[in-house]
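This report is for a reader who is new to protein structures. Please look over the sequence and the model before reading on.

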Amino acid sequence: MDSKDQDKNSLYLKLIPYFEKYGILLLLVIMIVVMHFLQPDVFLSWRNVTNVFKQISWQSMLALGVFMVIVTAGIDLSVGSIMMLSLMILAIVAKAGAPWYIVVITPLIAGFLCGLFNGLGITLLRMPHPFIMTLGTLYIFRGTGNLISGGTPISGFTDEVRYLGHGRIDLTWLGLEKSQYLPVSLVLIAIVYIIFWIFMNKTRTGKWIYAIGGNPNAARASGINVNKILVIVYSLCGFLSGIGALILAGRTDSGYPNAGLQSELDAIAACIIGGASFFGGRGTVLGVFAGVMIMGILRNGLNLMDVSSFWQQVLIGSIIVLAVYVDVLRRDFGTRK
Amino acid sequence: MSSANQLLLEAKNVTKYFGTITALENVNLKIHAGECLGVVGDNGAGKTTLMKVLSGLYKPSAGSLHFEGKEKVLESPRDSQNLGLEMVYQDLALAGNLPIGENIFLGREPTTNLGLLKFLDYKKIKELTEAHLGKLKINVKSADQKVEELSGGQRQAVAIARSTAFNAKVVIMDEPTAALAIKEVGKVLDLINGLKKTGVGVIVISHRMDDIFAVCDRVMALFQGTNFAESELSNTSRDEVIGWIMGKK
C-alpha cells in the first residue's frame, strides 16, 4: 500500500469494514465455485447439497455454542462430551419406553445442566481459566455417558425422536421430484442460527457477552454481573450441544460411545475460520455459519474427489492457520498505528 | 465562584484502616457545584483510597459522607452512581470492541422489553450519544466508531462522556491526562472546564501541576493519609504545592 493512488487507498479503507463483515462469505462463495468446476455434475446437485447440510447439522450446533463462549474470551472443550452424554441419556430414556415428547426434551435438559455445571464451576470455584474446568468435564461427561450405558451402543428410536435429524420435508407440491426434499435438520439450523443471531446482536445480554469479551473490567465497572452472564453463556452452549445430540440421534438412530469424539476441536476450528477471536469480543454468528460450511464443503468436496481423509486433516489444519493469518494481516491494515 | 455554589459532597473525618495500616486519618473534603478540586499527594499518600471511599468501593472505618447535606452510606459503586457520583478510572474501563455509544451506555442501555428479553434500542443509543457528545463538544467521526480505533485523548473523552451521561453531579477523575499525548491533554482539560460550566463538581487526582493549574479552583494535598494543606488556587504557587506533596510547608 504505497502512496500509488490516494483514491484507491481511501476506497480500500472504506471497503475494510465490509470485508471484515462479509469477507468470510466471499471465501465460502469462492470455495463453492471452485468445487463446482472441479465436480460440475455432482457438487451442486440437490442430493449433494442436502447431504452437506445433513453432515454439518449437529456440528453447527456445537460450533454456535462454542462461539458464544469464545466471544467471552473463554473456551469450552466439553461440548463433544456433553453431546455424547446427552445422547446416551436420550437413548436410555427412549429404551425405557418413555413417550417421544419426553425423549426429545431429555437431551436438551441434560445438555443445559452440563453447561450449567461448567458455568458454575468456572465462576464459583474460580477456576483460573475455563480451559481447565471444561477439560475436566470433557472426561467427566464422557465417562458418565459410558458408565450409564455400559459403554455399548443403544440403537433404535421412533420416527418422532428421529424427526429433527432424519426428517424430510416433501417438496413435490412445488413440482419438484420426490428425491428433492428439504432435510428438517437444514430448517432447524436456519431457525437456531437466526434466533442466536438476534440474541447476540439485538439483545442486551448479547451485547454484554461482547462487552465481557472486550474488557471484563469495563463490564464489571459498568455494573454488569459478569459471573451471571458467563453462567448463562456456558449453559446455552450446553443446551446447543443437547440439540446436537438430538440431531445425531436422528441421523444415526443410535447412542454410541464414540459420539462427538474430538468434535469440540471441529467446533473451535469452525469458529476460528469464521473469524472469532480467541481474545474475545470479536466474531459473528454469520461467520461461524460460514466456518462450519467451509469445513463441511471441504470434507464433502474432498470425499467426492476421492482424496484420502489424511489429506483432509492436513488441508483443514492449513485452512485454520491461513484464515487466522489473513485475519492478522487484515488487522494490520485496519487498526490505527 | 465556587463558594457561591451549592455544596454537593462532603467527607467528614474519614478514616480507613487496612489491618494495622492507617491509610486515611480524619480526612475532610468538600466539593461544590461547578467547582474543580485538585487532589495531590505522593504515592501512598492516600489519594486512591480516598477516591475509592467516595465512589463506594471501600467503606470508611470511621467518619461519614454527606451528599447535598444528607448523610449517605455507600454500599457499592452502584449506590454512588445512583446519587450522581461518577468515577473515571485511570485504565478508562472501556470495551474497545464496542462502538462509542454502546460504551457510554454499557450496563445502562435503553431497551425495549419483550417478556424476559431486553432488546437494545440502537436508535435511541445513537441519538442520545450524539446529543451528549455534542453537548460536551467532543468531536468524533461517528458514534458508531469502535473505541479501539480512537486515540488516547478521544478515549479519555469517551470515558468522561460515559461518566456524565446520566446527569452526574460529581465526577471523580483519576489521573485523567496520564496516558495522553501532549497535544491531547489540552482537549481533555477543555472538557473538564466545560463540565464545570454545566454545574458539575469535578475532583481531579493528578501529579501534573500543569493540569491542576489549568482547571482547578482549589487544591488540597494529602500527606501520609492526612489533610496536609489546602488553598484556593489563586493564593498558592506551583512551588508551594510541590512542597506540600513532599511534606514541606
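## Model and numbering

This is a predicted model, in which local features need pLDDT of at least 70, side-chain atom pairs count only at pLDDT 80 or more, and totals for chains, interfaces and linings use all residues. Residues are numbered from 1 along each chain as its sequence is written, while chains are lettered from A and ligands numbered from 1 in the order in which they are written.

## Helix α5 of chain A

Helices (H or I, at least four residues) and strands (E, at least two) are DSSP runs, numbered from the N terminus. Helix α5 of chain A covers residues 130-149, 20 residues in total. From first C-alpha to last it reaches 28 Å, close to the 28 Å expected at 1.5 Å a residue; the expected span is 1.5 Å times one less than the number of residues. After α5(A) comes A:Gly150, with a positive phi near 75°.

A residue is buried if 20 or more other C-beta atoms, placed from the backbone, lie within 10 Å of its own. Among the buried residues of α5(A) are A:Met133, A:Phe141 and A:Arg142. Their cover includes α3 (79-95), α4 (100-124), β1 (154-155) and β4 (254-255) of chain A.

## Contact between chains A and B

Two residues are in contact if their C-beta atoms, placed from the backbone, lie within 7 Å. In chain A, 19 residues are in contact with 19 residues of chain B. Helices α8 (204-214) and α9 (216-221) of chain A each supply at least two residues of the chain A side, and α8(A) gives the largest share, six residues.

## The largest nonpolar core

A nonpolar core is a set of buried Ala, Val, Leu, Ile, Met, Phe, Trp, Tyr and Cys residues joined through C-beta atoms within 7 Å. The largest such core has 152 residues, and A:Val66 and A:Cys271 have the most contacts inside it. Helix α10 of chain A (residues 226-252) provides the largest share of this core, 15 residues.

## Domains of chain B

Domain bounds come from an automatic or database domain assignment. Chain B is divided into domain 1 (1-8 + 19-63 + 82-94 + 150-157 + 168-249) and domain 2 (98-145). Their centres, taken over C-alpha atoms, are separated by 28 Å. The contact takes six residues from domain 1 of chain B and six residues from domain 2 of chain B.

Methods. Buried ≥ 20, exposed ≤ 12 C-beta atoms within 10 Å, placed from the backbone.
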